[in-house]
Every structure is written in structure tokens, then in C-alpha cells.
Amino acid sequence: KDWLLVTHALPRGSYMFYYCNVPAWPRYEEYLDQRSDFVRALGDRAREDLCVRLPVDDGGWGMRARLLKAIPDLKWEEAKGSMIERARSARLTVVDHPQTSALELIAADIPTVLFWDPVLWPMRESARPWLEELKTAGVLHDTPQQAAHQIEKILVDPERWWRSADVVKAVSSFRSRFAC
């Protein structure tokens with residue numbers, strides 16, 4: 001069984017209105033670079049089983065080419081069909097952005113590791129206690145390298161990790177507040 005990296009895309013041109021939390025458009029390339037950093041930080045064994053789920057329309061960013069430049073032997077899929085159904089067939093799902101995908105996976109109780117740069121993706125101060133609990137449990141990470149290290153630790157049996165007391169407590173608390 002493989003494991004899945006779920007990605008995000010914005011239009012390449014600047015935007016005036018976008019009603020969700022995203023990095024400022026001029027800094028979006030930093031987010032894309034962090035995705036490559038994550039894949040490069042994985043060990044060979046973990047990378048071998050990784051499948052990258054790209055958006056159907058990458059907004060003109062050339063996401064596949066960027067990742068291929070960093071790691072030429074990745075497996076790919078376009079985001080066609082249900083992400084949740086696809087995630088259920090994977091051992092683990094990793095999400096590199098704090099948007100709907102992350103919330104849907106948490107709500108569906110699918111083993112998930114999250115990572116995003118808190119400078120690029122700022123969160124409300126009122127959400128901090130729940131996010132810190134996810135960090136303490138090893139679900140949420142601030143850097144791609146931290147997330148890659150966590151994947152290396154849990155990839156043998158992600159379900160066992162996901163069902164551990166600390167993770168269940170943190171995820172349940174977050175789910176009840178943000179992902180019912």
C-alpha cells in the first residue's frame with residue numbers, strides 16, 4: 001500500500017479576493033518550495049511508496065515539473081475522484097496546507113500528518129490550543145523536515161500511531177471544535 005501527499009494550488013496570477021487562509025500570492029512559491037523540501041527530506045524507502053496527488057489544475061505553477069526537478073522518480077495522480085475514498089486506500093495521508101482537505105481527513109478519521117509553515121499560513125490565536133495539541137501528538141508540524149521525520153517514524157504502522165492515546169485525544173479534540 002502506498003501513502004499519499006495531498007497538495008494545493010492557487011492561480012498563478014495575483015488575486016484580489018480569496019476567502020480562505022492562503023499565503024500572500026508573492027510568497028506562494030515558498031510554499032511550493034517547502035513541498036519539494038518535504039519530498040527531499042524523506043528517506044528512500046518512504047519516498048518509494050509515496051504517491052503525490054496534484055490538483056487537476058495547478059494554476060500554472062508547473063507543480064509536477066518542480067517536484068520532478070527535485071525528485072525524478074515520484075509516483076503521481078491527478079485529483080480526480082473522491083480524495084476521501086483515495087485516502088482510505090492509502091496507509092497514510094499527508095497534507096501540506098491548512099484547508100478543506102486537512103479538515104475532511106480529520107473528520108473522516110483517516111491517519112493523517114499535517115505540515116505547513118505558520119508564517120506563510122497564519123492561524124487565529126484562538127485556535128492555538130488545539131493546534132498545539134496536534135503538534136504535541138505528532139500530527140501537525142511547522143516544517144517539511146519535521147513532517148518527513150515523523151513519517152519515517154510511523155510509516156511502518158500508521159494506523160497504530162493514529163490509534164495511540166495521545167493522537168486520539170488531540171485529533172478528537174480538534175475534530176469536535178473544527179471538523180465536525
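The legends below describe close-up views of a predicted model. Residues are numbered from 1 along each chain as its sequence is written, and side-chain values use heavy atoms, without hydrogens or water. In this predicted model, local features need pLDDT of at least 70 and side-chain atom pairs count only at pLDDT 80 or more, whereas totals for chains, interfaces and linings use all residues.

**View 1. Packing of helix 6 against helix 9.** The axes of helix 6 (residues 128-136) and helix 9 (residues 165-178) come within 8 Å and cross at roughly 150°, so helix 6 is roughly antiparallel to helix 9 (an angle over 145 degrees). Axes here are lines fitted to C-alpha atoms over the stretch in contact, with angles from 0 to 180 degrees between N-to-C directions.

**View 2. Residues in the contact between helix 6 and helix 9.** Helix 6 contributes W130, L131, E133 and L134, and helix 9 contributes K169, A170, V171, S173, F174, R177 and F178, where contact means heavy atoms within 4.5 Å. By class, this contact has seven nonpolar, one polar and three charged residues.

**View 3. The ring pair of F174 and F178.** Six aromatic pairs are found in a search of the whole structure (ring centres within 6.5 Å).

Definitions and conventions:
Helices (H or I, at least four residues) and strands (E, at least two) are DSSP runs, numbered from the N terminus. Angles under 35 degrees count as roughly parallel, over 145 as roughly antiparallel, 65 to 115 as roughly perpendicular and the rest as oblique. Ala, Val, Leu, Ile, Met, Phe, Trp, Tyr, Cys and Pro count as nonpolar, Asp, Glu, Lys and Arg as charged, and the others, Gly among them, as polar. Rings of Phe, Tyr and Trp (its six-membered ring) pair if their centres lie within 6.5 Å; planes under 30 degrees apart count as stacked, over 60 as edge-to-face and the rest as tilted.
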